[in-house]
Structure formats: structure tokens, C-alpha cells
Amino acid sequence: MSSHRCVGLGASKFELGFNSRRAALLAASALSIISSGSAFGAEDTANEALLKKLDKMERRIQALEAELKQKDSRAPAPQAASTRSVNAAASAVEPKEATDTKEPKDAKGKPAAQSAQTPAKPMLQLPPLPAVGDKPILGLADSPVAGLSIGAYGEIKFGAMQNPAANGQWQKGFDAARFVLLPTYAITPNIIFNAEIEFEHAGSGFDNDDKLHGTAEIEQLWIDFKILDQFNWRAPGIDLVPIGYINQHHEPTQFYSVNRPELYNGLIPSTWKVPSSSVYGTISEDLKYQVMVSTSNEDFGDTFDNRTAAKTVPLPGTPYAAGIDGLNGLGFSRPPLGDFQQLNNAVAVSGRLDVTPTFLPGFAGSVSAYFSPNTTPRGAHDDLGNFLGHSSLAMFDAEFRYRVPETGLELRGEYVHAEFSHPENLRANNDSDPTNNVGKAMNGYSGEIAYHVPLGTILNSEWEAVPFYRYTYQNLQSGGFAGTDANMPTGAGQRQFHTAGFALFPSPKIALKATYQHVIDKSITGAMSDSFLGGVGFFF
């Protein structure tokens, strides 16, 4: 109950008591006058003095009544005070948004305008209610600074897999694959900073003593300017190329296998991050878009030590690794993110349309495209010292996700196609290694079926199991081979993946996974890349 409401109730009691005392006093005075008149009729002077006192007391009572009514008119109604109390209790259980900075707050979290107009009054302390939803600081606590939030995601992998380099021998292993921090700060409601800082493979460097063999990198870094729902600007920074769904939503709770879907392990070089700037917005309730300009991917997959001071590949006579090849797809072609180390001047363009049709509940999909006029780095050459010309890259992706309403059934599908204008100029076709040749195109498709099974409440949480099966086909050595190497496919780049397993969700923020994958290709020895993996993923 608010203090205003206490004041209102107290005032009513005071008024009733005051009126009762007033009536009793007047009655007693009247009786006194009558009795005095009977007993002492001759004492007119004394009676006149008493009547004057009673008249003065009556005026004083009227003044007090007027003052009390004035105070009551200024006090809020008890209904309004009760409503604020309910709202305050409700706010304790509603999720808070770190970017909600529409109204300035004072040190106690109340709107500054309200604090300036209404002095703070003591409130009845309600018992704390259990919090639900996300907290802005790692899902655990309220933000100490308005507009600031810090999220995180990560995954641990373990199990056994075949090693093609060891003739398909099964080998056990463990990988602290990644831990990622996600700081976001709403500078204003319309200017928002975002970053993604990733630690991969258990460390930030190579350390024999601590058994570290990892990296630390900036995966995203940009500032959004929210202008209109239909048009917003993302300032130059590091961002994800808007191709496919998993490239932009690659947290481990977004897919059911231990590893990311196969199409995103090379054909789409997830996580595909680039120096870029973009515009985006909402076209309609069903349709959103993003258009990006970025640094181009490069056909260079070697170390920074092999980039010259002139920002070229090594001089002719010195071999270097390809960035685009028929075994790894585009996996090593992503442009460098720092220190002006880019090896060409090409600017790529990409775009994406997201569709969530209101007439088909549970369905979501996207179409996206990417084009670079030239992926050939400066000074590119073959192993014979001949310089290589330009080669463009065009890519198209279409995908969908459909959770059938009122059932546990979920369906996913995706198709990807990449094409090169002049594959004869790609380094993989000119590096004296015929096993990694690249044809005119690369393509792949996948289909997945999953079923969501609720398991009930366990450990104060609603659990869910999701068994799934996914079939993937991809060909990274498709037709039109040309270059100085032997112009024939090896079959190693044409693979089928049968992936099955389940994901157990103790919470939507945690996934416990088990996956078996069988890989088939047309190489002489076969793929020899089967695996049985377990994993733990989280995102909050």
C-alpha cells in the first residue's frame, strides 16, 4: 500500500473522530448553558461570555475542516497508488531490455521527470518475486549502466572421428571450440554499439606450456544508426555477410548437430565476417532486407608472413596457398580484418531478403546473394611464374525453416550456388596440386527433419529433446576445369553427408548434443571422415 493511500485512510478516520468530538462538545455546552440558566438565571454576564467562547470554537472547527478538505483534494486517489504498486511488482518479473533508453532515469531507476516532480515517499516493501526472462548482464543480473548489456555463447566438443591423414584411423579428441562475449551499448535509443569478441580453441595464442592452440578475434564491431523502421544505417565496421541463416545466427542453440551444418563449413565460409557497411530495414510485416558493401574475398589462403610490404602475394618463384579450392571451398578466402593488409581493391556487394509470411505461421526463410568483381590478389601467379588475371565470384543462397503449428515437426532446407567467371585464373588450378582443383561452379543443398519432444519439468526447468536427421550434398569441383594443373576432378570435392543425432535442451539457452555423421565421396580412398561427437552449447 502506498503512503498516499495511508494518508487518505488516516484523514478519513481523523475527520470522523473530529466531527464526533465536535458534536459532543456542542451538546455538553448546550446542556451547561441550560442548567446554568435554570440555576443561575441572574448571571447573564457569565452566560454571554460562555456563548462567545462557543462561537469562537465553532469558527475554529470550520477552519480545520476546510484545511482538511484541501489536503484531501491534493492527495492521489487510493486506486492510482495501488496501480503503481502493482506495476512496480510486475516490473520485477518482466524481462528488461538493455537498449531501452527512451526516458532518462535517475540513480534509483525511476524516470528523471517523475523524480523531479514528485518527492520520494516510503513504500511498503513487497517480498521479491522470481525473475523471468533475460537479464542484460550475462543473463544473470540487471545492468549497472542504462543501455548496457553483455551476452555470451560458446560450445564444447568431444568424441571420436576418422582422420584421413592417418588412413581413416579413429582418434578421440576434445575441443573447447569457442567462447564469445557479446557487449552491446545503446548510446541513445537510436545509436547502438555492438561487438562480438571470440576466443577459439581454448586460448588466445600458441602456448606449449599451457597447452593452448587458439585465437582471439573481433568477429563483429559496428555502430547502428536507427533512422526509420524502413531504413537504418550500419556504420563501417566488421559485420557478417548476409548469406544464409546460420552465418548470421550461428550460436550453438540455433542448430541441432554438434558441428555447424555442412554447407557452412566451406561453401559458405562461416563465420563469414568482412569489413563492411550496410543499410537495412523492414519493407512490410512479412519482409525485411539488408544491403551491404564490403571488402572482397581474396584467392589467398597463406599466412601474413607471405604478404609483401607492397601488399602482394609472394614474388614469382615462391608458391603460396590458394584461398579458393576444391577441397575447402571458400574457407580460406575471407579478407583480412586489420592493418590494411587487403590484397586487392575490389568492393563486393551482397544483399538479403527475410520472409516471414503472416498467412503461413511457423514458416521463415530468406534469399540472399553476393558478388565480387575480382577475387584475384595483387601479383597473383602460377608455379611457373605466369601472372594470373581476374576472376569474379557470384553466390546465391535460398533457405527455409518451418515449424508445423501445433505439432513438434520441424523442416529445414537450403540451396547454395557459387560461380566463378574465370576459374583458369584461380590459384588452386595453377599450384601444381591437381587434387584441389576448382571448376566453373560450386553448389550444394541440404534437407533436415527434426521433431520436438517435451520432457516436462526437470530441475525447475522445461526440458525438450529434438532428434533430427539431415542430408547434405555438395560439389566443390563442378565442371569447366582449366589452368596449368591436370584439368580433371578428383571426386574429393563431391560429397554426401548423412548426419543424425539429437539435441537435448534443459533450457532454450543450453543444448546437450550427440551426433553421428557418415561422409561419402568419390575419391580413390573414400572420404574417411566419419565422426561420433558430443557437445555442450549455450547462448544467453
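The largest nonpolar core of this predicted model holds 27 residues, among which W272, Y370, M395, F420 and M442 touch the most other members. A nonpolar core is here a set of buried Ala, Val, Leu, Ile, Met, Phe, Trp, Tyr and Cys residues joined through side-chain atoms within 4.5 Å. Buried stands for under 20% relative accessible area, exposed for over 50%, and partly exposed for values in between (1.4 Å probe, protein chains only). Strand 12 (393-403) and strand 13 (409-420) each contribute at least two residues to this core, and strand 13 gives the largest share, 3 residues. Strands (E, at least two residues) and helices (H or I, at least four) are DSSP runs numbered from the N terminus. Apart from its neighbours within four places in sequence, M395 is in contact with I243, L267, I268, W272, L330, S368, A369, Y370, V416, H417 and A418, where contact means heavy atoms within 4.5 Å. A second, separate core has 7 residues, including A450, V466, F468 and F505.

Residues are numbered from 1 along each chain as its sequence is written, and side-chain values use heavy atoms, with hydrogens and water left out. Because the model is predicted, local features need pLDDT of at least 70 and side-chain atom pairs count only at pLDDT 80 or more, while totals for chains, interfaces and linings use all residues.

Taken as a whole, the protein has 4 helices and 19 strands. Buried residues account for 40% of its 540 residues. Of the contacts between residues at least 6 apart in sequence, 63% join residues at least 24 apart. The accessible surface comes to about 28,400 Å², and 62% of it belongs to carbon and sulfur atoms; accessible areas come from the Shrake-Rupley method with a 1.4 Å probe, and for residues only the protein chains shown count as cover.

On that surface, I283, L353, V367, F396, Y415 and Y445 form a nonpolar patch with about 510 Å² of accessible area together. Such patches are made of residues with over 30% relative accessible area and no salt bridge, with nonpolar side chains (Val, Leu, Ile, Met, Phe, Trp, Tyr) joined within 5 Å and like charges within 9 Å.

Turning to charged side chains, the structure holds 15 salt bridges, each a side-chain nitrogen of Lys or Arg within 4 Å of a carboxyl oxygen of Asp or Glu. R178 pairs with E155 at 2.5 Å, N to O. This pair links distant parts of the chain, with R178 in strand 2 (residues 169-188) and E155 in strand 1 (residues 148-163), 23 residues apart. R178 also meets E200 in a salt bridge of 3.4 Å, N to O. E200 lies in strand 3 (residues 191-200) and R178 in strand 2, so this pair ties together parts that are 22 residues apart in sequence. R178 and E155 are both buried, and E200 is buried as well. A further salt bridge joins R412 and E410 (3.0 Å, N to O); R412 is buried at 18% relative accessibility, and E410 at 8%. Through shared partners, salt bridges join E155, R178, E198 and E200 into one network.

Finally, P336 is found in the loop between strand 9 (287-295) and strand 10 (347-355), where P336 is buried with a relative accessible area of 7%. Leaving out neighbours within four places in sequence, the contacts of P336 are P275, E298, F304, R307, Q341 and Q342. P336 and E298 are 38 residues apart in sequence and 9.0 Å apart in space, C-alpha to C-alpha.
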